[in-house]
Amino acid sequence: AADLPSPSRGPRPAMTSIADLPEDVLVELLSLLPARELLRTCRLVCSQWRYVVDLNTLWKRKCQRDGFYRQSYDRSISDWKIFYMLCHMKKNLLKNPRAEENFQHWTLDANEGDKWKIEDLPGAHGSHMSDPRIHKYFVTSYGPCFKSQLITLEKEGYWNQLMDEIRPEITVKDWYAARFDCGCRYELTVRLLSKDYIVLEEFRPEPVVIEQWSDAKWREISHTFQNYPAGVRYISFQHGGQDTQYWAGWYGVRVTNSSITIGPPT
């Protein structure tokens, strides 16, 4: 019988390096990494990796992985990297908004009458909130009571170029209520400030006066800053008020669950 050909014993081909992977496979692999690593490390490896890290498809894949993607966004989002970063960073920039840490992080700008106080929901002659996670509120007295926070955007991760070129939406929300047995006054002022603390844009609605014998329900006030001037570096938030009967104690407006969030442009 003829001899069968023996199997080839030549050298095996070298393992394929990661650089030889098809682009779609590299996109899939790199999309598993944290954004910080992609931008600070992977992008510097070589020109091919820089090209892939800058691809819209990679960041769109990351949005899909992290639950930020909706099919309806496809036509409206031109830069998926910025969209991903804004979604990933989104949080309440106001600290201690629900009075759980006493008055920590708040500056008491006006503290008159019997001064600011913290009470447990629903409080005397008050009402519960729909959100069961909220247990406390701040309450004002018969003299003016105002408190504020100043947010430094760069410290929160919002770099200058982002704020100047993308100008993501800045949404402010606050909740306020009166006691059933006493009238009160509520005020809110939110300002977008430059590096020199110049006011670039302001939301300051007319003061809300709630009459005595109201329903004491919690109400939300909300505003979104869009297309604001370049140069925003700080956000100033101030709210408060007082009662309208001038009664000793804490019969003024109640506030809690305040928030400032920065989101992707819609």
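1. Helix α1, which covers residues 23–30, packs against helix α4, residues 56–66, at an angle of about 45°, and the axes of the two helices lie 9 Å apart. The model under discussion is a predicted one. Because angles under 35 degrees count as roughly parallel and those from 65 to 115 as roughly perpendicular, α1 and α4 are therefore to be described as oblique to each other. The crossing that α1 makes with α4 is right-handed.

2. The contact between these two helices is made, on the α1 side, by Val-27, Glu-28 and Leu-30, which meet Thr-57, Leu-58, Arg-61 and Arg-65 on the α4 side. When the residues of this contact of α1 with α4 are sorted by class, three are nonpolar, one is polar and three are charged.

3. Helix α4 also packs with α5, here at an angle of about 30° and with the axes 8 Å apart. Since angles under 35 degrees count as roughly parallel, α4 and α5 are therefore roughly parallel to each other. The crossing of α4 and α5 is left-handed, whereas that of α1 and α4 is right-handed.

4. Which residues of α4 and α5 meet in this second packing? From α4 come Asn-56, Trp-59, Lys-60, Lys-62, Cys-63 and Asp-66, and from α5 come Trp-80, Lys-81, Phe-83, Tyr-84 and Met-85. The contact of α4 with α5 comprises six nonpolar residues, one polar residue and four charged residues.

5. The second largest pocket, with a volume of about 220 Å³, is lined by Pro-34, Ala-35, Arg-36, Leu-39, Arg-40, Tyr-84, Met-85, His-88 and Met-89. At least two residues of this lining are supplied by each of α2 (35–40) and α5 (80–89). Tyr-84 and Met-85 belong to the lining of the pocket, and these residues of α5 also take part in the contact with α4. By class, the lining of the second largest pocket holds six nonpolar residues, one polar residue and two charged residues.

6. Two points of backbone geometry may be checked in the loops. Leu-121 and Pro-122 are joined by a cis peptide bond, for which omega is about 0°, and Pro-122 is placed in the loop that runs between β2 (117–120) and β3 (136–139). Arg-167, a residue other than glycine, has a positive phi, near 50°, and Arg-167 is found in the loop between α6 (160–166) and β5 (169–177).

Conventions:
Residues numbered from 1 in each chain as written. Predicted model: local features only at pLDDT ≥ 70, side-chain atom pairs only at ≥ 80, totals over all residues. Heavy atoms only, no water. 1 Å grid on protein atoms, 1.4 Å probe; cavity = no way out; pocket = protein on both sides within 12 Å on 5 of 7 lines; lining within 4 Å. Points joined across faces, edges and corners; volume = space filled by probe spheres on them. Helix = DSSP H or I, 4+ residues; strand = E, 2+ residues; numbered from the N terminus. Nonpolar A, V, L, I, M, F, W, Y, C, P; charged D, E, K, R; others polar. Axes fitted to C-alpha atoms, helices over the stretch in contact; angles between N-to-C directions. Parallel < 35°, antiparallel > 145°, perpendicular 65-115°, else oblique. Left-handed = near helix turned anticlockwise from the far one by under 90°. Contact = heavy atoms within 4.5 Å.
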